[in-house]
Amino acid sequence: MGAGHVHRLYRHGHTPVHRLPAHVKLVSLLAFVLVVVATPREAFWAFGAYAALLAGVAVTARLPLPFIVKRMVVEVPFVVFALLLPFLAAGPDVTVAGLSLSQEGLLAGWNILAKGTLGVVASILLAATTDARALLLALQRLRVPPVLVEITAFMVRYADVITGEMNRMKVARESRGFSGNVGRRLGVVATSAGALFIRSYERGERVHLAMLSRGYTGALPVLEVQQAQTVQWVGAALLPFSALVVSVVAWMTV
Amino acid sequence: MHVPDGFLDVPTSLATGVVAAGAIAVALKKSRSELNEKAAPMAGLTAAFVFAAQMINFPVGVGTSGHLMGGALAAVLVGPWTAVLVVSVVMMVQALVFADGGLTALGTNITLIGLVTVLVGWSVTKLVLAVLPKRPASVVPASFVGALLSVPAAAAVFVLLYSVGGATELPFGALMATMLGWHTIIGLGEAFITAATVGAVVAVRPDLVYAARGMSQHLVLRTPDGQEIPATAVEVADEPRRSIWPLAVGGLGVTLVIAGALSFFASSNPDGLEYVAEDQGFIAAAEDSAVAGWSLADYGEVGGIPVGVAGLIGVGITILIGLVLFQLIARRDRDRDSVSA
């Protein structure tokens with residue numbers, strides 16, 4: 001049970017961004033991403049401005065660039081899709097470097113690439129400056145149903161444990177000379193998944209009983225209530241507000 | 001299959017967000033009967049399991065791999081409503097903590113993976129279970145079919161959403177065909193892993209499999225002279241067996257409508273991909289399959305059979321093959337039982 005109490009994306013620090021209450025950050029981030037998604041895709045400069053805003057947040061939070069770039073791999077599947085769009089979409093074509101590409105598809109690919117990347121970076125900034133427990137409390141404060149928050153809490157707490165268990169089973173399989181063709185492999189992997197489910201579920205039963213015996217009533221106690229001050233709300237609103245200004249200008253010029 | 005920000009426009013994202021919130025609200029209410037009271041730890045651990053299981057990659061084709069969505073798997077193991085909660089929580093954590101899937105697309109992701117795969121996977125599983133003999137082992141083939149269909153269903157809903165609020169106009173028919181094609185292959189992988197996982201759990205702890213509840217056989221005392229006495233002291237009144245006909249006829253009707261009507265819709269742009277392919281000059285690379293000369297190949301474009309009819313015939317053949325397969329499975333099970341007894 002030596003699993004970490006912080007998640008992989010978190011980076012400890014003491015900056016103004018780290019100090020902001022998590023629910024303030026969450027609301028600010030959501031507003032920012034909404035503004036970005038609603039921006040017309042032809043306003044190329046606006047996305048540069050958004051990127052600059054995010055870079056400002058990253059600098060304030062003292063997050064090094066390689067740290068962010070390394071975590072951007074999650075968007076790779078959609079980058080592939082975005083790169084395929086110019087070949088798939090119909091409509092008038094333009095010729096770029098000897099390739100006939102759909103104009104519409106190029107715009108669409110750009111649209112997905114720009115907005116998707118900005119969204120991913122914004123989420124990384126949130127995750128890097130907020131630990132999991134603060135995020136859960138933020139969900140609670142934002143009136144997410146308590147049962148859901150609780151399920152999330154258990155999931156976050158045990159995700160590393162279960163993943164670790166899966167990896168140990170993998171090591172065990174491979175150290176016993178496990179290999180084989182794809183068909184046979186699927187069967188063995190799936191059997192491991194079945195074993196993993198039984199272990200997870202039985203662990204859940206034990207955790208539940210242990211908690212009941214310690215007086216658990218169905219809700220997690222809130223130890224500290226992080227009150228957001230007006231200054232903090234204003235500080236956090238800077239990001240979506242600047243983005244909104246950029247977006248409005250973009251709408252007027254396009 | 002995690003949709004990022006900017007893939008769908010704001011109105012569509014908000015609409016799917018409302019759908020997702022509604023689904024979660026219903027699931028919260030309904031899951032109480034599935035989970036024993038206040039068993040959040042169990043649901044949380046199941047979420048952790050689905051999270052870990054989504055890391056299982058399987059090869060789909062040249063250079064690509066799909067990963068498990070886990071909707072059908074979760075539904076079979078812990079019940080549909082708990083599964084909606086569990087998969088939604090996984091989506092939420094992935095968006096918030098792992099930046100996987102956009103924040104504005106969270107509603108879309110929950111709708112696609114948390115709702116569509118779970119509900120389709122579960123109802124198909126239930127439908128198949130109604131045909132199979134009533135014993136825990138039947139859950140395995142049933143979950144196979146459920147998982148197999150859940151993935152293309154999610155892909156189809158995604159294409160519908162994309163055609164409503166997508167960032168660009170793509171030829172609907174071509175996109176649908178491509179997505180369905182790929183996701184049927186991914187669905188096969190999902191189905192194999194789901195069925196084998198369920199099989200492994202059924203073999204060890206059938207009581208944990210929600211879909212197999214109430215299917216375990218009563219204990220029997222066997223006397224030396226081969227007599228079998230039911231070990232139940234109290235007569236258990238059999239639950240009135242609900243007729244499967246309404247469900248079966250309804251499902252068949254919906255399938256036929258979709259196959260007959262929607263294939264017309266899909267073919268309103270019949271040569272979408274081919275048009276683009278020709279346009280891009282890569283149609284020469286495409287070879288017709290070996291059955292291209294058959295009347296039904298290319299969905300009825302060749303032999304003069306109307307598209308809708310071709311769809312209907314396709315559904316008919318699929319059902320026929322399915323029935324034969326299930327008969328075979330059922331017979332094999334019966335044979336095995338008679339040998340072991």
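Ala95(B) is placed in helix H4 (residues 80-97) of chain B, where helices (H or I, at least four residues) and strands (E, at least two) are DSSP runs numbered from the N terminus. The model is a predicted one, in which local features need pLDDT of at least 70, side-chain atom pairs count only at pLDDT 80 or more, and totals for chains, interfaces and linings use all residues. Residues are numbered from 1 along each chain as its sequence is written, and chains are lettered from A and ligands numbered from 1 in the order in which they are written.

Ala95(B) has 25 other C-beta atoms within 10 Å and is therefore buried. By this criterion a residue is buried if 20 or more other C-beta atoms lie within 10 Å of its own, exposed if 12 or fewer, and partly exposed in between, with C-beta atoms placed from the backbone. Two residues are in contact if their C-beta atoms, placed from the backbone, lie within 7 Å. Neighbours within four places in sequence aside, the contacts of Ala95(B) are Ser123(A), Asp100(B), Gly101(B), Gly102(B), Leu103(B) and Leu106(B). Between Ala95(B) and Phe192(B), the separation is 97 residues in sequence and 27 Å in space, C-alpha to C-alpha.

Chain B as a whole contains 11 helices and four strands. Of its 341 residues, 45% are buried. Among contacts in chain B with a separation of 6 or more, 72% join residues 24 or more positions apart. Helix H3 (residues 71-78) of chain B is mostly covered, with eight of its eight residues buried; these include Gly71(B), Leu73(B) and Val78(B). Gly79(B), which follows H3(B), has a positive phi near 100°.

The largest nonpolar core has 153 residues, of which Met155(A) and Val86(B) touch the most other members. Such a core is a set of buried Ala, Val, Leu, Ile, Met, Phe, Trp, Tyr and Cys residues joined through C-beta atoms within 7 Å. Helix H6 (residues 139-165) of chain B gives the most to this core, with 16 residues. Beyond four places in sequence, Met155(A) is in contact with Gly44(B), Ala47(B), Ala48(B), Phe51(B), Val89(B) and Val93(B).

Between the two chains, 70 residues of chain A are in contact with 56 residues of chain B. H9(A) gives the most, with 20 residues. By class, the side of chain A that touches chain B has 47 nonpolar, 16 polar and seven charged residues; Ala, Val, Leu, Ile, Met, Phe, Trp, Tyr, Cys and Pro count as nonpolar, Asp, Glu, Lys and Arg as charged, and the others, Gly among them, as polar.

Two arginines of chain A are next considered. Arg62(A), in the loop between helix H3 (44-60) and helix H4 (65-70) of chain A, has a positive phi near 55°. Arg62(A) counts as partly exposed because it has 14 C-beta neighbours inside 10 Å. Arg143(A) lies in the loop between H7 and H8 of chain A, and its phi is positive, near 65°. With 8 other C-beta atoms within 10 Å, Arg143(A) is exposed. Most residues other than glycine have a negative phi.

Where pLDDT is low, the predicted coordinates should not be read in detail.
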